[in-house]
Amino acid sequence: MMLVSASDPTPIAILGKAHNNRNPHSKETQIPFHLTTTSSGSRLLRYCSRQKNKGFKAPSVKASMIYDPDDFQVGKFIGSYGFMNVTSYSSFQSGGGGGLSTIGGFEESYMGDSSGDIEQLRVQDVGEGNVKIRLYEGRVAQGPLRGTRVIFKVYPGQRAGGIEGDMMAANELNAHAFLQGDPEDICPNIQILLGGFETKTGEQWLAFRNDGQYSAADYAKAKSEVISKERALGEQKFWNPYEWKEKLKRRRIFVIKLLQGAINGLAYMHNRERLHQSLGPASVVLNTMAEQEAPYLVPRLRDLAFSVDIRYSSLETSPSAFSEGLWRRASAAGAFSPLEKRAFGIADDIYEAGLLFAYLSFVPFCESGAMDGLSLQRLFENTFQLDLEAAREYCQADDRLLEAVEFLDLGNGAGWELLQAMLNRDYRQRPIAEAILNHRFMTGVLL
């Protein structure tokens, strides 16, 4: 699942790929389910299967969450989400990966299918998905959390979005309920779900604690635009070399802090047997974009609608609509046993994290239009076939990319070293999230 930005100020998610069935709408796995009201007013997710669904389990809904619509007040409209489907994409034989790309204002996430030859990479066919999500501000109106600010994520009813919206809402609620199951062990780098409810029209509203509305994609775009404006002023802006060096140092610190938070959230999920499967710049929400406030920055992972359960009990059952494509690609990469499939799934997330790392190492350090997520991914995967040493030489020859190259050059190329490991063609050779956090580039000691 990845985010897509529309014309609204809030980024939009691009989720789903037909080639790996990330789009849950398929003839074999149509699992309609709905939200119903119990006598106590709580909203519980219940499945209404119309086909054989032995691999699906009802989500565990935590009693601490709020499910009564009267407990919320809805505020102003913020923005909207759209989804993209990638219908064809060839990746790497040894396990490929996926990531975020930007196409005309839409950000898309997609994963390789691990079945194509590296010499036969081809362009993706991209189409717009059926699910449209709206975002609203709001607050908790009563109860112990009264006054708490929230962001509502509204999934359309079946008439507007088909069953995909219902399935995505249920999976997202289930993932958050599972990760928030222990109140003594809540990760600060994952967005907090406070509850949700269903309207009479069938829309499903998920209420998240409002810890910020800007994403890492918003941050990167804003800084890139500032660079463009500054360079348009020529020498007038950079008369003080010391001022520019300090600004560059603050940016590097901010990006490292952002990456630390995102990877820490991913490590938390993996340690609790959950994959994100939609990690990208628009799926990391920030509480500030001010680089001077880096010590107070808390990045949080969001958009868990495509999260996959990798507990061994789940791996030994029939795949769900959200994991079917992942395990098919795992088999193509030689991962058959539950242990191998689990390792493949974690490595798949790490590949996406590597593309996020690359995105944040380039876009905020380059002028607007010099580099974007799709161009960067094509450069690494298609042009240089994941040979980052060759990619570095190419980027170094472009004056517009020099600041990004120098950032990754810190510590005698420590950034390139880590990025190469995360984007390794062989999924077995990619590091786990904890190893990434302990890498010398990610600890910040080089700054």
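Predicted model: local features only at pLDDT ≥ 70, side-chain atom pairs only at ≥ 80, totals over all residues.
Student: Let's begin with the strands. In what order do the strands of the open sheet of 3 strands lie?

Tutor: A sheet is read strand by strand, by asking who pairs with whom. Here the order is S12-S14-S15, and the pairing is antiparallel. Strand S12 (214-215) and strand S15 (300-301) are the edge strands, each pairing on one side only.

Student: How many bridges join S14 and S15?

Tutor: Strand S14, residues 284-286, pairs with S15 over 2 bridges, in the antiparallel sense. At one of the residues, valine 284, the bridge partner is leucine 301 in S15. Keep valine 284 in mind, as we will meet this residue again.

Student: Next, the helix H2. Which residues of H2 are buried?

Tutor: Start with a general idea: an α-helix has 3.6 residues a turn, so residues three or four places apart point the same way. Now to our case. H2 covers residues 216-232 and reaches 25 Å from its first C-alpha to its last, close to the expected 24 Å. Its buried residues are Ala216, Ala217, Asp218, Tyr219, Ala220, Lys223, Ser224, Ile227 and Glu230.

Student: Which residue caps the N-terminal end of H2?

Tutor: That is serine 215, with a side-chain oxygen 3.2 Å from the backbone nitrogen of alanine 217.

Student: And the inside of the protein? Which residues have the most contacts inside the largest nonpolar core?

Tutor: That core has 80 residues, and the ones with the most contacts inside it are Leu258, Val284, Leu360, Phe362 and Phe380. Helix H6 (residues 338-362) gives the largest share of the core, 13 residues. There is also a second, separate core of 21 residues, which includes Tyr67, Tyr155, Ala321 and Phe322.

Student: What does phenylalanine 362 touch?

Tutor: Leaving out residues up to four places away in sequence, phenylalanine 362 touches Met371, Leu376, Phe380, Cys395, Leu401, Ala404, Leu408 and Trp416.

Student: Last topic, the rings. How many aromatic pairs are found in the whole structure?

Tutor: There are 16. To read a pair, look at the distance between ring centres and the angle between planes.

Student: Why is the pair of phenylalanine 306 and phenylalanine 322 called edge-to-face?

Tutor: Their planes stand at 75 degrees, and an angle over 60 counts as edge-to-face. The ring centres are 5.4 Å apart. Phenylalanine 306 lies in the loop between S15 and strand S16, while phenylalanine 322 lies in the loop between helix H4 and helix H5.

Note on methods
Residues numbered from 1 in each chain as written. Heavy atoms only, no water. Pairing = 2+ DSSP bridges. Helix = DSSP H or I, 4+ residues; strand = E, 2+ residues; numbered from the N terminus. Expected span 1.5 Å × (residues − 1). Buried < 20%, exposed > 50% of the residue type's maximum accessible area, 1.4 Å probe, protein only. Polar contact = N/O pair within 3.5 Å; in protein donor to acceptor, adjacent residues only side chain to side chain. Core = buried A, V, L, I, M, F, W, Y, C linked by side-chain atoms within 4.5 Å. Contact = heavy atoms within 4.5 Å. Phe/Tyr/Trp six-rings, centres within 6.5 Å; stacked < 30°, edge-to-face > 60°.
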